[in-house]
Amino acid sequence: MAEAILSTDSPTLNQSAPDTGGPLTREQCRAARAMLHWSQGDLARRARISAVTVRTFERGQSSLKESTAQLLRLTFVSAGLLFIDADETGGAGVCLARPVP
């Protein structure tokens, strides 16, 4: 039986090389904001990027530069989220690293 590997941003869960993270999807971005109860403006302020960048990315009207995608992903990880990258066993996702108090 093949061993399942969960690839996340958590060093304790992902025992492979340091995770630089896969591409951030629009769906992951929206889901992450929803989990944290953040508006697009909240995310933009915390990541120090333009709210227009967040809005057009989430609407599928633009793509992100790799550096901006990494910045957003790290902003979410710093807030307590984990990202699950898509692989042959399933799609991309996001979850809470710990329960919300």
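Does His 37 count as buried or exposed, and at what relative accessibility? At 73% relative accessibility, His 37 counts as exposed, and its place is in the loop between α1 and α2. The structure shown above is a predicted model, and the protein chain in it contains 4 helices and 2 strands, which follow the pattern α-α-α-α-β-β when read along the sequence. Of the 101 residues in the protein chain, buried residues make up 36%. Among contacts between residues at least 6 apart in sequence, 55% join residues that are at least 24 apart.

**The nonpolar core**

- The largest nonpolar core has 18 residues, and those with the most contacts inside it are Leu 24, Leu 43, Leu 72 and Phe 76.
- At least two residues of this core come from each of the following elements: α1 (26-36), α2 (40-47), α3 (51-58), α4 (66-78) and β1 (81-84).
- Leu 72, leaving aside residues up to four places away in sequence, touches Leu 24, Leu 43, Ala 47, Ile 49 and Leu 64.

- Helix α4 has 13 residues and reaches 18 Å from its first C-alpha to its last, which is close to the 18 Å expected at 1.5 Å a residue.
- The buried residues of α4 are Thr 68, Ala 69, Leu 72, Arg 73, Thr 75 and Phe 76.
- Following α4 comes Gly 80, whose phi is positive, near 105°.

**Salt bridges**

- Side chains of opposite charge can pair when their charged atoms come close, and in this model the count comes to 3 salt bridges.
- In one of these salt bridges, Glu 58 pairs with Arg 33, and the closest N and O atoms are 2.7 Å apart.
- This pair links distant parts of the chain, since Glu 58 is in helix α3 and Arg 33 is in helix α1, 25 residues apart.
- Glu 58 counts as buried because its relative accessibility is 5%, and Arg 33 is also buried, with a relative accessible area of 13%; the cut-off for buried is under 20% relative accessible area.
- Asp 42 forms a salt bridge with Arg 45, in which the closest N and O atoms are 2.7 Å apart.
- Asp 42 and Arg 45 both lie in helix α2, where they are 3 residues apart, or about one turn of the helix.
- Asp 42 is partly exposed, with a relative accessible area of 22%, while Arg 45, with a relative accessible area of 57%, is exposed.
- Arg 73 forms a salt bridge with Asp 85, and here the closest N and O atoms are 3.0 Å apart.
- Arg 73 and Asp 85 are both buried, and the relative accessible area of Asp 85 is 14%.
- The side chains of Asp 85 and Arg 73 are also described as joined by a polar contact of 3.0 Å.

- His 37, the exposed residue of the opening question, has a phi near 60°, which is a positive value in a residue other than glycine.
- Arg 48 likewise has a positive phi, of about 60°, although it is not a glycine.
- The place of Arg 48 is in the loop between α2 and α3, and with a relative accessible area of 78% Arg 48 is exposed.

Note on methods. Residues numbered from 1 in each chain as written. Predicted model: local features only at pLDDT ≥ 70, side-chain atom pairs only at ≥ 80, totals over all residues. Heavy atoms only, no water. Core = buried A, V, L, I, M, F, W, Y, C linked by side-chain atoms within 4.5 Å. Buried < 20%, exposed > 50% of the residue type's maximum accessible area, 1.4 Å probe, protein only. Contact = heavy atoms within 4.5 Å. Expected span 1.5 Å × (residues − 1). Salt bridge = Lys/Arg side-chain N within 4 Å of Asp/Glu carboxyl O. Polar contact = N/O pair within 3.5 Å; in protein donor to acceptor, adjacent residues only side chain to side chain.
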